[in-house]
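Subject: Structure handover

Hello,

Here is the structure for you to take over. Please look through it first; notes on what was found follow below.

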Amino acid sequence: MTPIPNGAPQTLGEAFAHINALTAPSVDDLKVMVLIEAAGQTLYEASAEGSAHEGVRALLIENGHEEMRHARRVSAAIKILSGEDFPAPAAHENPYLTGDFPRATLTAEGLRKTAEAEFAGDKLYTTWADNMSNPEAAALLRLNAGEESDHAHRLLKAAAMLEA
């Protein structure tokens with residue numbers, strides 16, 4: 001099991017709240033983000049399982065794969081900033097995925113709310129990159145930022161598919 005950094009939030013919900021309140025993350029905060037982003041793949045896959053619509057499933061799975069890429073980029077930023085390895089964990093090694101995690105019924109409204117969170121993720125990563133002194137690490141965060149908006153647009157497309 002990948003360890004949660006000392007003093008960091010112990011649950012996925014607490015971790016989301018913590019991360020979203022930051023403007024300049026520490027290395028430990030970035031570790032929490034690695035765990036959140038890696039968990040995102042599993043959460044999107046679980047959501048995809050809840051849809052009978054092939055197109056919606058495909059969009060959700062694509063978002064999930066990108067969440068893991070985001071985790072790997074944040075991991076690379078940690079290496080750049082601290083020299084420390086903190087690889088993105090597989091689902092069975094992610095402490096934020098132990099036990100049961102929340103699963104909601106897949107609805108167009110729920111997808112639109114998740115899209116809002118993804119748009120906020122773009123802003124969050126952009127803010128972090130703007131406040132990061134290392135340009136190489138900042139560039140990795142900027143890549144994630146743009147893809148967060150891509151996730152949001154896919155979710156809005158999926159919502160429209162469910163309503164069609």
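The model is a predicted one, in which local features need pLDDT of at least 70 and side-chain atom pairs count only at pLDDT 80 or more, while totals for chains, interfaces and linings use all residues. Residues are numbered from 1 along each chain as its sequence is written, and side-chain values use heavy atoms, with hydrogens and water left out.

Helix α3

E67 lies in helix α3; helices here are DSSP runs of H or I with at least four residues, numbered from the N terminus. E67 counts as buried because its relative accessibility is 5%, where buried means under 20% relative accessible area with a 1.4 Å probe, protein chains only. Its C-alpha atom is separated by 16 Å from that of A15, which is 52 residues away along the chain.

E66 also has its place in α3, which covers residues 54–82. With 7% relative accessibility, E66 is buried. Outside the four places on either side in sequence, E66 is in contact with E147, H151 and R154.

From first C-alpha to last, the 29 residues of α3 reach 42 Å, close to the 42 Å expected at 1.5 Å a residue; the expected span is 1.5 Å times one less than the number of residues. Just after α3, G83 has a positive phi of about 80°.

α2 has 23 residues and reaches 34 Å between its first and last C-alpha, close to the expected 33 Å. This helix is mostly covered, with 17 of its 23 residues buried.

α4 (residues 108–130) also has 23 residues, which should span 33 Å, and its end C-alpha atoms are 33 Å apart, so the two values agree. Its buried residues are A108, L111, A115, E118, G121, D122, L124, Y125, W128 and A129. They pack against α1 (12–20), α2 (27–49), α3 and α5 (135–163).

One of these buried residues is A129, in α4, which has a relative accessible area of 2%. Beyond its neighbours within four places in sequence, A129 is in contact with A138, L141 and R142. A129 and R72 are 57 residues apart in sequence, and their C-alpha atoms are 16 Å apart in space.

The axes of α4 and α5 come within 8 Å and cross at roughly 170°; axes are lines fitted to C-alpha atoms over the stretch in contact, with angles from 0 to 180 degrees between N-to-C directions. The two helices are therefore roughly antiparallel, a term for angles over 145 degrees.

Nonpolar cores

A nonpolar core is a set of buried Ala, Val, Leu, Ile, Met, Phe, Trp, Tyr and Cys residues joined through side-chain atoms within 4.5 Å. In the largest one, of 32 residues, I19, M33, I36, V74, Y96 and W128 touch the most other members. α1, α2, α3, α4 and α5 each supply at least two residues of this core, and α2 gives the most, with 8 residues. A second, separate core has 12 residues, among them Y44, A48, A115 and L155.

Regards

Methods:
Buried means under 20% relative accessible area, exposed over 50%, partly exposed in between (1.4 Å probe, protein chains only). Contact means heavy atoms within 4.5 Å. Angles under 35 degrees count as roughly parallel, over 145 as roughly antiparallel, 65 to 115 as roughly perpendicular and the rest as oblique.
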